[in-house]
Structures are given as structure tokens and as C-alpha cells.
Amino acid sequence: MLGTATVGEFSPNLVSDLLDMWSAPFMVNAFRAMTLVSVLGAAVGVLLVIRRESFVGHTLSVIGVPGASGAVYFGGPAALGYYLAAGIGVLALGSRRAGGGARLAGQNAAVGTFQAAALATGLLFISLYKGFLGGTSALLFGSILGITGAQVAQLAVITALVLLALALLWRPLVFASLDPVIAASRGLRVGLLNLAYLTLLAVSAAAVAQITGGLLVFGLLVLPAATAQVVTTRPARTLVIAVILGFLIGWASLYSAYYTDYPVGFWLTSIAFAAYVIVRVGHQISDRVNG
Amino acid sequence: MKAAGNPALVIRDAAMSIGGRVLWSNLSVTIEPGEFVAILGPNGVGKSTLLKAILGTRALTSGHIQRNSEIGYLPQRRGFDASLRVQARELVRLGVDGTRYGLSLSPRRSRAVRARVDELIALVGAASYAHRPIGELSGGEQQRLLIAQALAHHPSLLLLDEPLDSLDLPNQGSVAELIASLCRDEGVTVLMVAHDVNPIVGYLDRVIYLAPGGAAAGSVSEVITSVTLTDLYRTPIEVLTTSDGRLVVVGQPEAPAIHGDRHDHGGH
């Protein structure tokens with residue numbers, strides 16, 4: 001990962017590996033940041049998976065690319081760009097559902113158009129700002145380098161706020177997501193709940209993208225929840241399992257990224273995908289066995 | 001559930017138009033607690049719209065609706081996606097506590113919610129499959145669980161929009177029997193939009209028959225007759241009774257007893 005002599009060799013003793021990694025301050029920050037965004041992404045991802053709006057999630061992740069590259073081009077902090085882009089994403093996608101109850105899933109063409117335009121804008125900023133080229137890979141596929149204490153603090157605040165909002169709104173959000181018409185007839189403000197969900201999703205994607213890169217947010221947002229849904233059909237349990245899975249995937253990808261030359265986003269996505277395939281296949285086999 | 005003499009629902013001189021077109025009018029009916037009432041009429045006449053007017057999500061053009069009961073509502077639907085991996089039981093549970101904000105940390109309350117969910121699932125006879133993902137269940141099984149969900153907050157008036165739609169005949173019969181038993185044993189008043197009156201005709205206390213421009217209400221034998229329907233449609237209509245007791249309405253543009261185009265566009 002670093003290409004310098006400070007990297008120790010990987011050993012089967014994971015604890016000594018951890019201590020070895022933590023001797024580098026930037027890795028301590030990387031572990032802190034990864035722990036936060038993996039828990040955050042997995043938790044919000046459960047709603048995304050229940051609503052089957054993965055494409056919306058992907059779009060809200062990808063717009064971080066023009067957001068962050070634009071912020072860097074104009075000389076601002078990349079994190080600010082991620083959150084500004086998320087805000088624009090909520091306005092653009094949220095306005096289409098002002099009527100309440102309407103699902104974005106049925107408007108894939110419009111969402112796709114928005115996503116394409118966002119990526120194009122991102123590439124424009126990247127090519128305008130020549131000196132930024134080295135950071136392009138990090139922007140798209142993630143990096144564990146150079147995470148500052150301030151960034152960890154920023155991610156901690158975002159994670160705490162989103163988890164608090166999720167805890168307060170959980171049951172109405174699940175109700176409005178599964179069955180918007182009936183939820184509305186029972187007096188829930190489905191339009192507002194949809195907007196709240198979209199905001200939580202966008203903010204979470206902006207936080208996760210800072211670590212995983214804009215293109216690979218899915219590894220933490222969708223895969224832990226999708227994997228958890230294979231083994232349980234109860235939303236509350238899905239949430240718990242997804243968060244534990246997200247945490248494990250996050251840490252495993254940090255180990256892998258530290259001891260190899262590949263970016264963290266690659267590891268994160270690959271490990272999460274492997275976990276999904278293993279659980280899916282294992283579940284199918286146990287289904288066959290149990291008839 | 002209600003004291004005698006206190007009707008569950010009173011509709012007086014109600015009319016509904018959409019975009020200047022009169023859907024139906026002249027609807028007056030008083031429904032007593034525990035009655036099973038069908039809302040019939042051709043496609044596009046505004047049957048679902050009447051349910052929405054009772055629910056309060058759509059205003060009448062004239063007249064008024066008086067109700068003082070908690071309403072359970074089951075909208076028309078095409079069923080859940082087969083790949084939806086959420087346990088059927090969770091859906092009923094959302095009916096019980098899905099509108100509550102915050103976390104449920106009290107074990108006593110959690111137990112009470114679980115007990116209520118068990119009770120509702122037993123009431124609709126869904127205990128043997130409530131643990132399965134909702135998307136894997138048959139249309140009849142999904143409909144039973146949705147009825148359980150609609151009953152979760154103890155409504156005394158249940159509005160059902162074509163609950164027998166897209167069910168096969170045996171399931172139509174058993175869901176109709178379930179709904180009738182809710183009226184009889186639980187005292188719930190049921191208003192049900194139906195495309196075909198035959199699966200429920202033996203249970204009905206009253207029918208509301210909507211026709212373009214008008215409406216009629218009363219018992220089955222009063223309303224579904226050649227005379228009443230001819231009068232309502234201002235065109236000759238004949239009601240036939242087949243040897244097995246089924247009602248067939250002949251002469252109406254789209255008769256309720258005929259299967260086929262099931263979609264009611266009146267409410268959309």
C-alpha cells in the first residue's frame with residue numbers, strides 16, 4: 001500500500017498485525033474511519049434493500065465524484081464537496097417524489113440520466129485540475145491514506161446523527177418503505193418520511209464515499225444488508241446482522257489493503273461480494289438439505 | 001361493537017365528480033355496526049373513489065358522510081413482489097406498531113405487541129405460514145395477512161378494495177368466509193368493493209350499487225333486480241339467477257358478474 005519500508009510482513013497472528021498497523025498513526029485513523037462508515041453504510045443500506053432502490057443509492061454515491069473533484073478544483077475540502085453534492089442529489093431526486101408515496105424505483109431512466117450527468121461533470125473537474133490526477137483513483141476507488149483526525153471527527157458526527165435519526169424513525173420508515181399506501185392511510189406522513197430516508201441515504205453515501213471512493217460505496221451500503229437478508233427476513237435482525245457484517249468487511253479490507261498494493265475500495269467490494277456469494281450458496285445448500 | 005341505534009356509517013345525498021364528469025350521485029345509505037356491505041358497479045364508475053371519500057382522502061362533490069369509528073383500510077393491490085424477503089409476520093406487526101416513532105425498549109410493551117400480532121394472525125388463520133417471506137405466499141395468503149394488518153388497530157369499520165381480485169375461486173370463497181366471520185363474530189362493519197358479487201352474495205347485509213350518474217342502496221334482493229337496475233341505468237337490464245344460485249346481470253355495459261377486465265379506473 002505504502003511502497004515504503006515501514007510496512008511489516010503479514011503474519012497469521014491478526015492481533016500482532018493490528019498492533020503493527022496501529023503503530024502508524026494514519027492507520028489508526030483509517031480503522032476509526034472505516035469502523036464508522038461501515039456501521040453507517042450497513043445500517044442505512046437495510047432500508048435501501050427493503051425499498052429495492054439500489055440504483056438510487058448508486059446515483060447518490062456517484063454524485064460524490066463531481067462533488068469532491070469540484071471542491072478540490074475550487075480549492076475547498078473534498079468532504080465539503082461530498083456533502084454539497086449529496087444535498088443537490090436529495091433536491092434533484094427528492095423533488096420528483098413531492099407527491100408522497102411515489103417511488104423512485106419506477107423512474108430509472110430519469111435517475112440514470114442524472115447519474116450520467118454527474119459522472120461527466122466529475123470527469124470534467126478532474127481533467128480541468130491536472131494536478132489532481134494522482135487523486136483520481138482515490139476519488140473513484142477509495143484510499144486509506146491521509147485520513148485526518150478532523151475527518152474522523154466529522155465522520156463520527158455524521159454517523160451519530162444518522163443512527164440517531166434511524167433509531168427515532170425506524171418503524172415508520174420501514175412501514176412507509178414496504179407499504180406506502182397503507183402507511184399513509186394510517187396517518188404517517190409518507191412524503192416526509194421518503195424525504196428523510198433520501199436525506200439519510202445521501203448523507204451516508206457522502207460519508208462512506210470518502211473512504212471507499214464514489215464508485216464503490218455499494219460494498220458497504222448494499223452488500224452487507226443484501227447478505228443479511230439472505231439469512232433473516234425480519235428487518236430489525238437484518239439491521240443487526242448487516243452492521244456486524246459491515247464492520248467485519250471493513251476491518252478485513254483494511255488488513256488486505258495495508259498488506260497489498262490494491263486500493264481499499266477494491267478489497268471492500270471483493271470481500272463483501274465474496275461474503276454475499278458464500279452466504280447465498282450456503283443458504284441454498286441448507287435449504288436443499290432441509291427440504 | 002357499537003351501541004344499538006348508533007350507525008357505523010351514514011352517507012347522505014352524496015355525489016362525486018371528477019373533472020366535471022359526474023361519477024355517481026344520489027347516494028344515501030345508513031349502515032349498522034357489524035354489517036357486511038358490498039360496493040358494486042361497472043368498471044370506472046368510482047367504487048374505489050367512494051372508499052376514499054369515506055376514508056376522508058377525497059372530498060365529496062356534494063352531500064356528506066358521517067362516521068365516528070376507527071377505520072381499517074386495505075387498498076387495491078397487485079400483490080407483493082415474489083423476491084421481497086420480509087417475513088409476512090412483520091407486515092402484521094407494522095399494522096400494530098408501525099406508526100410509532102422511537103425505539104421499543106420496554107420488554108413488557110414488546111410482549112404485548114407480539115401477543116397482539118399472534119392474535120391477529122390466528123384470527124385470519126395464517127399461523128402456519130406467517131413466518132415465511134411475504135413475497136413467497138399465494139395471493140389468498142397475502143390477502144389474509146393484509147386483512148390482519150388492517151385489523152391491527154381495532155378498527156370498527158373495515159374498507160376493503162377488491163380483496164378477492166386475482167384470487168382463484170376456492171380462495172375467493174375462503175377469504176369471503178373470513179370477512180363474513182369478522183362481521184359476525186368480531187362485530188366489525190365491512191364495506192367491500194367487489195367486481196363479482198357471487199362469492200359474497202350469501203353473506204351480504206346490504207349492497208351499494210353505483211352506476212354512471214346515479215346510485216342505489218339496499219339489500220341484495222332490493223337492489224340487484226331487473227327493475228332497480230333498469231331504473232338506475234335507464235336502459236333495459238335483466239338479472240338472471242342461474243341454477244346454482246349465481247346472479248348474472250345482462251345488458252349492462254360491463255356487468256359485475258362477468259370476469260375479465262378487472263381494473264377499476266374510477267379512483268385513479
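Guide: Welcome! In this predicted model, local features need pLDDT of at least 70 and side-chain atom pairs count only at pLDDT 80 or more, while totals for chains, interfaces and linings use all residues. Residues are numbered from 1 along each chain as its sequence is written, and chains are lettered from A and ligands numbered from 1 in the order in which they are written.

Visitor: What makes up the secondary structure of chain A?

Guide: Chain A has 14 helices and zero strands. Helices (H or I, at least four residues) and strands (E, at least two) are DSSP runs, numbered from the N terminus.

Visitor: How do you know that the radius of gyration of chain A agrees with a compact globule?

Guide: The radius of gyration is taken over C-alpha atoms, and the globule rule is 2.2 Å times the number of residues to the power 0.38. For 291 residues a compact globule would have a value near 19 Å, and chain A has 19 Å, so the two agree. Its C-alpha atoms fill a box of roughly 65 × 55 × 30 Å along the principal axes.

Visitor: Why are α3(A) and α10(A) called oblique to each other?

Guide: Helix α3 (residues 54–62) and helix α10 (residues 190–212) of chain A pack at an angle of about 55°, with axes 8 Å apart. Axes are lines fitted to C-alpha atoms, for helices over the stretch in contact, and angles run from 0 to 180 degrees between N-to-C directions. Angles under 35 degrees count as roughly parallel, over 145 as roughly antiparallel, 65 to 115 as roughly perpendicular and the rest as oblique. The pair α3(A) and α10(A) is therefore oblique.

Visitor: Which residues meet where α3(A) and α10(A) pack?

Guide: From α3(A) come A:G57, A:L60 and A:S61, and they meet A:L201, A:A202, A:A205 and A:A209 of α10(A). Two residues are in contact if their C-beta atoms, placed from the backbone, lie within 7 Å. By class, this contact holds five nonpolar, two polar and no charged residues. Here Ala, Val, Leu, Ile, Met, Phe, Trp, Tyr, Cys and Pro count as nonpolar, Asp, Glu, Lys and Arg as charged, and the others, Gly among them, as polar.

Visitor: What makes B:L74 a buried residue?

Guide: A residue is buried if 20 or more other C-beta atoms lie within 10 Å of its own, exposed if 12 or fewer, and partly exposed in between, with C-beta atoms placed from the backbone. B:L74 has 23 other C-beta atoms within 10 Å, so it is buried. B:L74 lies in strand β5 (residues 71–74) of chain B. Not counting residues up to four places away in sequence, B:L74 touches B:L146, B:I147, B:A150, B:L160, B:D161 and B:P163.

Visitor: Why is chain B called as compact as a globular protein of its length?

Guide: Chain B has seven helices and 11 strands. Its radius of gyration is 19 Å, close to the 18 Å that the globule rule gives for 268 residues, so chain B is as compact as a globular protein of that length. Buried residues make up 46% of chain B, and 49% of chain A.

Visitor: How many residues of chain A and chain B are in contact with each other?

Guide: In this contact, 20 residues of chain A meet 17 residues of chain B. On chain A, the elements giving two or more residues are α8 (149–178) and α9 (180–185). The largest share, eight residues, comes from α8(A). The side of chain A that touches chain B has 13 nonpolar, four polar and three charged residues.
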